[in-house]
Amino acid sequence: MMGVCFYLEDVLVSSENLSDMRFGPLSGQIISAMKEACRKAYLKRSVRIMEPLYRCIIQANVSILGQVYKVLSKRRAKVVSEDLKGNTALYTIEARLPVAESFGFAEVILFNITPFLFRIFIHFFFGRVLLN
């Protein structure tokens, strides 16, 4: 769970036979009841599945944009923005790349497209998985 906080304001336990069950079934029952209450409260809202993502900023020459987009699309990356840098032939591409798809990404980008690729910046965060 991400972004969830529960505040426990008050606990009331009756004193009947409490001395006999100091660390016994009562503590387990409290933990189980609290866990179930938190779970039900959480499920009252729509549940979202999150996955770790890399935010990649790639600067590349115009001549290799097709190759860069090909590598990104094979890895389920979403291009967020692309900008042409001033009067140069450099494009800055910002993409969101799932961590699960990122293994071998740097090797493919750097070894296949190296002469015209200038910079890669990668930042880690979580993003929501969009399901049908």
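Trainee: How many helices and strands are there in the chain?

Mentor: Please keep in mind that this is a predicted model. The chain has three helices and four strands. Followed along the sequence, these elements come in the pattern α-β-α-β-β-α-β.

Trainee: Which strands pair, and in what sense?

Mentor: Strand β1 (residues 50-61) pairs with β3 in the antiparallel sense, over nine bridges. Strand β2 (residues 78-84) also pairs with β3 in the antiparallel sense, here over six bridges. To locate the two pairings, find R55 opposite R96 in β3, and L84 opposite Y91 in β3.

Trainee: How many residues lie between β2 and β3 in their hairpin?

Mentor: Five residues lie between them, and G86 in that turn has a positive phi of about 50 degrees.

Trainee: Which residues of the largest nonpolar core touch the most other members?

Mentor: The general idea is that in soluble globular proteins, nonpolar side chains tend to be buried together. In this model, the largest nonpolar core has 14 residues, and those touching the most other members are C56, I58, V68, L72, I93, L97 and F105. At least two residues of this core come from each of β1, α2 (65-74), β3 and α3 (105-113). Helix α2 gives the most, with four residues.

Trainee: With which residues is L72 in contact, leaving aside its neighbours within four places in sequence?

Mentor: Its partners are I58, A77, V79, I93, A95 and F105.

Trainee: Which residues form a nonpolar patch on the surface?

Mentor: V4, F6, L8, V11 and M34 form that patch, and together they have about 420 Å² of accessible area. L8 counts as exposed because its relative accessible area is 56%, where the cut-off is over 50%.

Trainee: How many salt bridges does the structure hold?

Mentor: Side chains of opposite charge can pair when their charged atoms come close. The structure holds five salt bridges. One of them joins the side chains of R76 and E51, at 3.3 Å from N to O. R76 is in the loop between α2 and β2 while E51 is in strand β1, so this pair ties together parts 25 residues apart in sequence. R76 is partly exposed, at 46% relative accessible area, whereas E51 is buried, at 18%. Both R76 and E51 also belong to a network of salt bridges with E101.

Trainee: Which residue forms a salt bridge with E94, its closest N and O atoms being 3.0 Å apart?

Mentor: That residue is R55. Since E94 lies in strand β3 and R55 in strand β1, the pair ties together parts that are 39 residues apart in sequence. E94 is buried, with a relative accessible area of 16%, and R55 is partly exposed, at 26%. E94 also meets R96 in a salt bridge, at 3.8 Å from N to O. R96 is partly exposed, with a relative accessible area of 30%.

Definitions and conventions. Residues are numbered from 1 along each chain as its sequence is written. This is a predicted model: local features need pLDDT of at least 70, side-chain atom pairs count only at pLDDT 80 or more; totals for chains, interfaces and linings use all residues. Side-chain values use heavy atoms; hydrogens and water are left out. Two strands pair if DSSP finds at least two bridges between them. A nonpolar core is a set of buried Ala, Val, Leu, Ile, Met, Phe, Trp, Tyr and Cys residues joined through side-chain atoms within 4.5 Å. Buried means under 20% relative accessible area, exposed over 50%, partly exposed in between (1.4 Å probe, protein chains only). Contact means heavy atoms within 4.5 Å. Patches are made of residues with over 30% relative accessible area and no salt bridge: like charges are joined within 9 Å, nonpolar side chains (Val, Leu, Ile, Met, Phe, Trp, Tyr) within 5 Å. Accessible areas come from the Shrake-Rupley method with a 1.4 Å probe; for residues, only the protein chains shown count as cover. A salt bridge is a side-chain nitrogen of Lys or Arg within 4 Å of a carboxyl oxygen of Asp or Glu.
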